[in-house]
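Hi everyone, thanks for coming. Today I'd like to walk you through one protein model, piece by piece.

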Amino acid sequence: MTDNKFSRREMIATGTIGLVGAMANLSFNPVQFSVSGKLAIRGGEKVRLAAWSEWPVWDQRAEKEVIEMLRSGRWWRGNGESVEEFEKKYAEIMGAQRCLATASGTTALLIALHVLGVDAGDEVLVSPYTFIATYNVIFMNKALPVFVDTDPETFLINPAKIEERITERTSAILPVHIYGLPVDMDKVNAIAKKHNLKVVEDACQAWLGEYKGKKLGTLGDLGCFSFQNSKNLPTGEGGAIVGNNHEIMDLCHSFHNCGRPYGTVKSTSNYPIRGSNRRMQQIQAITLLSQMNRIYLDADTRLINAMYLDKKLAEIPGIVPYKMVEGNNRSAYHMYPFRFISEKFGNVKREKFIEALRAEGIPCSAGYGRQNHDGLIEEALNSKGYKRLFPEKRLKQWREENILPGNDQLSGEVVTFYQSILLGSRSDMDDIINAITKIYENKVYLLD
């Protein structure tokens, strides 16, 4: 845990605004880092010798309930109560009217797009800096993902680039709160309203993240979350949809349960609408209910450590933390991202920087790449189905316009730390800063 002076009770009392304000007023005293010595990549001693926190973290207190459920035979939501209990609690946490638990974040996105009317031959505007599932689900609905360029400073969809991508086939916008960073949803929603488009938030990495005081995932028509093993709220596989329109949420429930009637979905037959089995299992819900006991404290710890890193890393030439969009916002920090500017770091290549940082004992990665050029895209566009759905002229135009300089720039600069690293102590964060400072001071030894 952190060695800061804020108690959990004080954090809850102040809320997001108070916590952020308190952190902003913290005195960031300069840390005296040791930068002498040979780089570890060149045979020197590592900055970091200790292990990092493992993830996920199992709570043994959940085992009794899991065993009771297994012995009872109530393994699926049809004759169990834990899934519904989770849905109620998660809706409350998110500040949403309803929550529907699903088998995964991907299935949550599939359900949301289908229920909101995305259909064969439609087009969906989507962030290109994201995980494969975001645009794969558009293909699964037989629609065409149209990528909108990224703002390299925020890592997010650039609202100023959205309208130029709208066509008569556009039916929805799918903004992604990647790494838990909040998209400027006021601008996205204003464009959607102007053009009568639906908005599905990909909040799969954004639990407890906020935009202007509201939880990410509650600002569009529907919001989707993932609880996969690596996520801040994990259950191996799992997902959820949140929304405030009861008729839409009833449709989501019916569709995810093989099309069975539910709520306002009338029982004209046993299966009044098309559907699929995308239900969450009891064991997933029990695990989530257990993991929810730590989600607030973990989120606060990540926030405090991330703000400390923001302050200290910005002092190192060539290291540029992400830029938060304006407003009362808060990231969920599924990853802690920053940009590595080679020219300001002695022309050291990003790949060499990452290799050197790992050698110093700091796990890191290059983040996502140029996803808009993924091989699966051409596979889809060349399929007989897409050639039937879209004129050759439109597919040719799509390829010609699939040029995203902002996203290309960002993809070549990103370095990320995994979320569990942010659960460490202040001295753990100092190890990160120390290692990067050491590499900067010895950067000449990393030049080819």
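So, the sheet: seven strands form an open sheet in the order β1-β11-β10-β7-β6-β2-β3, with mixed pairing. Its edge strands are β1 (98-102) and β3, each of which pairs on one side only. On average, neighbouring strands here are turned by 25 degrees against each other, direction ignored. Such angles run from 0 to 180 degrees between axes fitted to C-alpha atoms.

A quick word on the source: this is a predicted model, where local features need pLDDT of at least 70 and side-chain atom pairs count only at pLDDT 80 or more, while totals for chains, interfaces and linings use all residues. Residues are numbered from 1 along each chain, and side-chain values use heavy atoms, leaving out hydrogens and water.

Strands here are DSSP runs of E with at least two residues, and helices are runs of H or I with at least four; two strands pair if DSSP finds at least two bridges between them.

Now look at β3, residues 144-147. Which way do its side chains point? L144 and V146 point one way, P145 and F147 the other, and all are buried, meaning under 20% relative accessible area with a 1.4 Å probe, protein chains only. In general, side chains in a regular strand alternate between the two faces of the sheet.

Strand β2 (residues 123-126) runs parallel to β3, joined by four bridges. V124 stands opposite P145, and V126 stands opposite F147.

Finally, W75 sits in the loop between α2 (63-72) and α3 (82-94).

Methods
Buried < 20%, exposed > 50% of the residue type's maximum accessible area, 1.4 Å probe, protein only.
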